[in-house]
Amino acid sequence: MRCYMSLVSPKRLVLTALAGRAPAGACLGAGSRAGNANDSSSRSGPLGHRTSACRPMERSECAVRFCWTGRPDSQGREPQPSRRAIMLRWMDSARRSAPRAGLDGTVPGDRAEPADQRREASAPSVSSCCSTEDAVVGSSRPGSSRRRLLVAAGALGATALTSCANAAESPAVSPKPSSIPRRGAHLVLLGTHGGPQTSRDRAGVSSALVVDGAVYLIDVGRKAVSQYVEAGLAWADLQSVFVTHMHADHVTELFQVFLLGGFQPPKQGDSLAGPIPVYGPGAAGGLPSPFGGGHSQTTHQDDPTPGLSKFFDYANAAFAYSTNVFMRDSGTRNLRDLADVHEIKLPVKASFEQTAPSMRPFTVMEDDRVRVTAVLVPHGPVFPAFAYRFDTDYGSVTFSGDTTYHSNLTSLAHRSDVLVHEAINVQGWAGSPAVADHLLKSHVEVQHVGAVAQRADVERLVLSHIGDMAREPLSASKWKRWAQRGYGGKVLVGSDMDVISLR
């Protein structure tokens, strides 16, 4: 098998396709085996481009890698593909992937990458805006024609131009393979958007920590259930769920984990194996005064501050008719029984009036794979709000939850391998005084988050629960420069479906 790789700008991609010839990319060469597409030898590739002419990929270029195989002749030599065969497969591979390319330069539908194949997030990627999934070329397809090339080019042109222009704003992120390794510890960012507002660029905040195949879910925001499946994670592997606090953007699809992930009996397909422990806040016990004084409406006055247990009771009641019918005509399980709720007991005196007193980390849960500790963190008037730390045999990951600056988090995250921290940007934004007050009392500005990571002495800072009040979509390169201030470790501005493997 021989593999070929081409780096081209979106404009050149379309123009060369219209001309009915393979694009003269920055690097188009033949490797002796699959996976050796970027051979640096001085011999010419099949289209006459010398492979020694390879250069670093520009941010506005696409990369497409494709393979061709043929039956060797009597002397063991592989026949060369025709120009038309190469061009058709090149166009097919690019067209399939370009429409799905995300703003981070990766394909959301692809899967997590094994540790031995993943590149550093700061390194250039061959997937700036197109998938690197190999396409195997056998021969020209029946009906191949110049017209077909024109149609393919037209379909690809607009998406390639749009996807590559957006990808130029984001750092290159390694492409995702077909599955997450069953061994080791791997952090999957299912969603990275901060706040209840919807976003077409990012799913709601949610992360999965996969340890030797077992899945631990941290927060369950908008689209988390679909992202869980898209990442190749199995409901049967879900071990427990952790909720940082009861804001809507962190629990939007919490009940849906059980409503949808536990719908069918395990014997009929992938489904929750049984009762799943869910850890999180109890009732707040009181509400803050309205901003600026005055009066505010109160919803559900009989129980205005429910904790995790009542959350499940009320959600189960809302779906009672559907669940009752399905249990009778389809033999499904009682969804409320699938959630084993644990409202976390606090080891210190705290309340909605004193939300985060200084404290030492305390153990929430421990099994044969992870030990989970937590602290209270200040998130404006919200109580309780937790940060969690997961210690494994492969390393440690700390999740800040939603928080402003506090020594509790620094103590919890000390010497973690990865700190997943929230961040906002308000520079260049002029909003209402109430929203501005909430943001600055409840979150950490991206320009100062690096100092938090430095004080905690963490190896790597990963930004999630991201909110840029001034620009949407945000500039990932600018955010990375901001987050790097005062911090000597590695920074990743997280994107949906990013995977970070612990070494």
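Reader: Which residue stands opposite threonine 398 in strand 15?

Author: Leucine 419 does. The model is predicted, with local features needing pLDDT of at least 70 and side-chain atom pairs pLDDT 80 or more, while totals for chains, interfaces and linings use all residues. Residues are numbered from 1 along each chain as its sequence is written, and side-chain values use heavy atoms, without hydrogens and water.

Reader: What makes strand 14 and strand 15 a pair?

Author: Two strands pair if DSSP finds at least two bridges between them. Strand 14 (residues 395-399) and strand 15 (residues 418-425) have 3 bridges, in the parallel sense, so they pair. Strands here are DSSP runs of E, at least two residues, and helices runs of H or I, at least four, numbered from the N terminus.

Reader: Why is threonine 192 called buried?

Author: Buried means under 20% relative accessible area, exposed over 50%, partly exposed in between (1.4 Å probe, protein chains only). Threonine 192 has 0% relative accessibility, so it counts as buried. Its place is in the loop between strand 5 (185-191) and strand 6 (206-211).

Reader: Which residues beyond four places in sequence is threonine 192 in contact with?

Author: Contact means heavy atoms within 4.5 Å. Among them are Arg202, Val205, His465 and Asp496.
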